[in-house]
Amino acid sequence: MTQQWNIVVCVKQVPDADDVSIDPETGTLNRSDAAAVLNQPDYNAIEAALQLREEVGGTVSAVTMGPPFAVDVLETAVALGADDGMLLTDRAFGGSDTWPTSLALAKISEELDADVVVCGEESTDCSTGQVPPGVAAHNDWAQLTYVEELEPKPEDDELVAKRDIEGGHEMIAAELPVVVAMVFGTNSPRVAGLHRKIFAETDFEAEEYSASDLGIEEKVGLANSPTSVGGMDTADPVPREKEVFDDVDSLFEAFEEEVV
């Protein structure tokens, strides 16, 4: 029986959706002009990881893969309450799609002897939802997807999840170690306190790992990424008729007439 759990939370730095554009020649995201922010569903993952720690004890380690400046999202996770952070950074990772990305995250999770790996359900820059199941597959661990709530059962080394399914919900239990994908917006992420923010910005130092540190230098990068962009097109805006109302009363009158 595991007395305290090693909890890993995977986070990602993504371009702000309001600033992002697509390179028409490569079909890839143009990130150069967009502000870098923490992936929104990852806030829910961090909150779920912190709640698990509060219930069973243990540690929460934030992990991300990206360039050196991706350390910013680790600082955010630490400011919110994570105990430490690991940055997977290496030019060899460049161009990795979800397969080598999930492999790298699986290796660091194994290195940290994780009992539970918590992820956001998807990233806002790609929205594939493939990384959490990929981490589980690479390590041959159980997985819980579309999770809204978690109930730890430390006496049984199990984690029970309430899953969102079509037409309702289901409760399912999985033995540790397990990978969890949290539904976006399913909880209320806490706000970082001032002291934690100062600590994250001034005293926190992320542990860095390269591809060779994880023993996967020949399995990552663009050359080992099976997906490619087959083509892209720009959708023309749909023309819409509009009518301007000078006062609220006329707006409601028009709405009532339309309904009737």
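Q: How are H1 and H2 set to each other?
A: This is a predicted model, where local features need pLDDT of at least 70, side-chain atom pairs count only at pLDDT 80 or more, and totals for chains, interfaces and linings use all residues. Numbering starts from 1 along each chain as its sequence is written, and side-chain values use heavy atoms, with hydrogens and water left out. Helix H1 (residues 40–56) packs on H2 at an angle of about 40 degrees, axes 10 Å apart (axes are lines fitted to C-alpha atoms, for helices over the stretch in contact, and angles run from 0 to 180 degrees between N-to-C directions). Under 35 degrees counts as roughly parallel, over 145 as roughly antiparallel, 65 to 115 as roughly perpendicular and the rest as oblique, so H1 and H2 are oblique.

Q: Which residues of H2 make the contact with H1?
A: Contact here means heavy atoms within 4.5 Å. H1 brings Tyr-43, Ile-46 and Leu-50, and they meet Thr-76, Ala-77 and Leu-80 of H2.

Q: Which element gives the most to the lining of the second largest pocket?
A: A pocket is an open set of points on a 1 Å grid over the protein atoms alone where a 1.4 Å probe fits, with protein on both sides within 12 Å along at least five of seven lines; lining residues have an atom within 4 Å of a point. This one holds about 170 Å³, a volume being the space filled by probe spheres set on the points, which are joined across faces, edges and corners. Its lining has 13 residues, with Tyr-43, Asp-72, Val-73, Glu-75 and Thr-76 the closest to the centre. Among helices (H or I, at least four residues) and strands (E, at least two), which are DSSP runs numbered from the N terminus, the one that gives the most, five residues, is H2.

Q: At roughly what angle do the axes of H3 and H4 cross?
A: Helix H3 (residues 98–111) and helix H4 (residues 131–139) are oblique to each other. Their axes come within 8 Å and cross at roughly 60 degrees.

Q: Which peptide bond is cis?
A: Most peptide bonds are trans. Pro-177 sits in the loop between strand E11 (168–175) and strand E12 (178–182). With omega near -5 degrees, the cis bond runs from Leu-176 to Pro-177.
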